[in-house]
Amino acid sequence: MVDLHVITQPLSILRVIIAILVCTTFSLVASAGYFPSPYWAWCMFTWCFCCFFTLLIVILEFTTLNTKLPFAWDDFTTAFSMLASVMCLTASIVYPTFFACNICYRQIGASVLAVLCCAAYFLEVDLIRKQRAGEIRGFLSTYAGMMKMMETFVACLIFTSLEASHYTKYSGLQWCVAVYSLCFILALLIILLTVGQLTTLLPYSEKMVIAYNLVAAIMYLTAMVIWPIYSFKNNKRPSDCGYLCSWDKVVMVTMMTIFNFCVYVADSIYSLWLVYHVRTE
């Protein structure tokens with residue numbers, strides 16, 4: 001049994017457009033050639049993953065098979081849209097940073113499409129939230145959940161970029177690595193506890209999360225200052241650096257540190273506003 005009405009809905013039309021954009025993006029990247037880099041692999045995985053699940057959602061809704069699944073479909077699709085927007089955002093930053101150049105026309109085209117994919121997924125998130133206002137229940141379907149996912153994904157990119165030679169020389173750089181590791185572990189723990197509905201077992205769980213967000217923002221602030229100071233101290237880009245050398249990875253860690261600091265600040269402000277807003281209602 002199929003539901004022809006579903007495919008004419010704005011949300012379904014947007015998903016079809018997104019699938020076409022994402023498919024075109026990874027096709028351009030693949031045609032430009034393989035790069036033996038974890039960044040390239042991450043970007044390709046992101047676009048393939050998003051394209052597959054976007055098409056799967058459209059097909060399941062079109063065939064009404066989504067009504068037979070043993071979980072909340074609306075929460076799942078909302079959570080996926082937020083996850084895809086975070087993944088595409090990181091890919092839209094990483095790919096042009098490392099693989100585009102002034103004469104790399106396929107890479108430039110893929111970079112532009114990557115940004116459009118990211119914008120389209122954020123538009124999908126906004127459209128879903130407007131259509132289902134007051135119905136979103138899952139943690140990963142909320143802005144707080146999306147920011148927690150973003151914090152962990154950016155931390156994964158930082159770990160992918162790190163090499164032992166980057167932080168063994170100065171104790172300040174070792175502190176930065178400790179910040180990345182500790183914040184990643186705690187953010188992942190919060191996600192698991194919240195999704196598993198185990199936060200009720202902890203006393204003052206809301207206050208603990210707010211305190212963690214504030215402390216993590218401060219810790220990332222120190223890393224944002226310390227990492228570039230020590231990493232680029234008497235360390236100019238080597239003339240024989242080539243493509244995707246170790247120095248470029250240091251730049252990547254710097255960019256992702258700044259980005260994650262901004263996310264933690266936004267997460268802290270949002271969690272404080274959320275608690276205050278709920279109490280005043």
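Visitor: Is C23 buried, partly exposed or exposed?

Guide: In this predicted model, C23 is partly exposed, its relative accessible area being 34%. C48 is likewise assigned as partly exposed, with a relative accessible area of 34%.

Visitor: How many disulfides does the model contain, by the distance rule?

Guide: In general, a disulfide is a covalent bond between the sulfur atoms of two cysteines. To assign one here, the two sulfur atoms must lie within 2.5 Å. By this rule the count is zero. For C23, the nearest cysteine sulfur belongs to C51 and is 4.8 Å away, and C23 is in no disulfide. C48 is in no disulfide either; its nearest cysteine sulfur, again that of C51, is 7.5 Å away.

Visitor: What is the secondary structure of the chain?

Guide: The chain has 10 helices and zero strands. Its pattern along the sequence is accordingly written α-α-α-α-α-α-α-α-α-α. Of contacts between residues at least 6 apart in sequence, 80% join residues at least 24 apart.

Visitor: Which residues does W47 contact, apart from its neighbours within four places in sequence?

Guide: With those neighbours left aside, W47 is in contact with V22, T25, F26, V29, C88, A91, Y95 and A114. One of these partners, V22, is also among the residues with the most contacts inside the core.

Visitor: At what angle do the axes of α4 and α6 cross, and what is the handedness of the crossing?

Guide: A helix pair is described by its axes, its handedness and its contacting residues. The axes of α4 (residues 73-99) and α6 (residues 143-161) come within 10 Å and cross at roughly 35 degrees. This crossing is right-handed. On the α4 side the contacting residues include M82, L83, V86 and L89, and on the α6 side they include M146, M150, F153 and L157. By class, the contact has 14 nonpolar, two polar and no charged residues.

Terms used. Residues are numbered from 1 along each chain as its sequence is written. This is a predicted model: local features need pLDDT of at least 70, side-chain atom pairs count only at pLDDT 80 or more; totals for chains, interfaces and linings use all residues. Side-chain values use heavy atoms; hydrogens and water are left out. Axes are lines fitted to C-alpha atoms, for helices over the stretch in contact, and angles run from 0 to 180 degrees between N-to-C directions. Helices (H or I, at least four residues) and strands (E, at least two) are DSSP runs, numbered from the N terminus. A crossing is left-handed if the near helix is turned anticlockwise from the far one by less than a right angle, and right-handed if clockwise. Contact means heavy atoms within 4.5 Å. Ala, Val, Leu, Ile, Met, Phe, Trp, Tyr, Cys and Pro count as nonpolar, Asp, Glu, Lys and Arg as charged, and the others, Gly among them, as polar. A nonpolar core is a set of buried Ala, Val, Leu, Ile, Met, Phe, Trp, Tyr and Cys residues joined through side-chain atoms within 4.5 Å. Buried means under 20% relative accessible area, exposed over 50%, partly exposed in between (1.4 Å probe, protein chains only).
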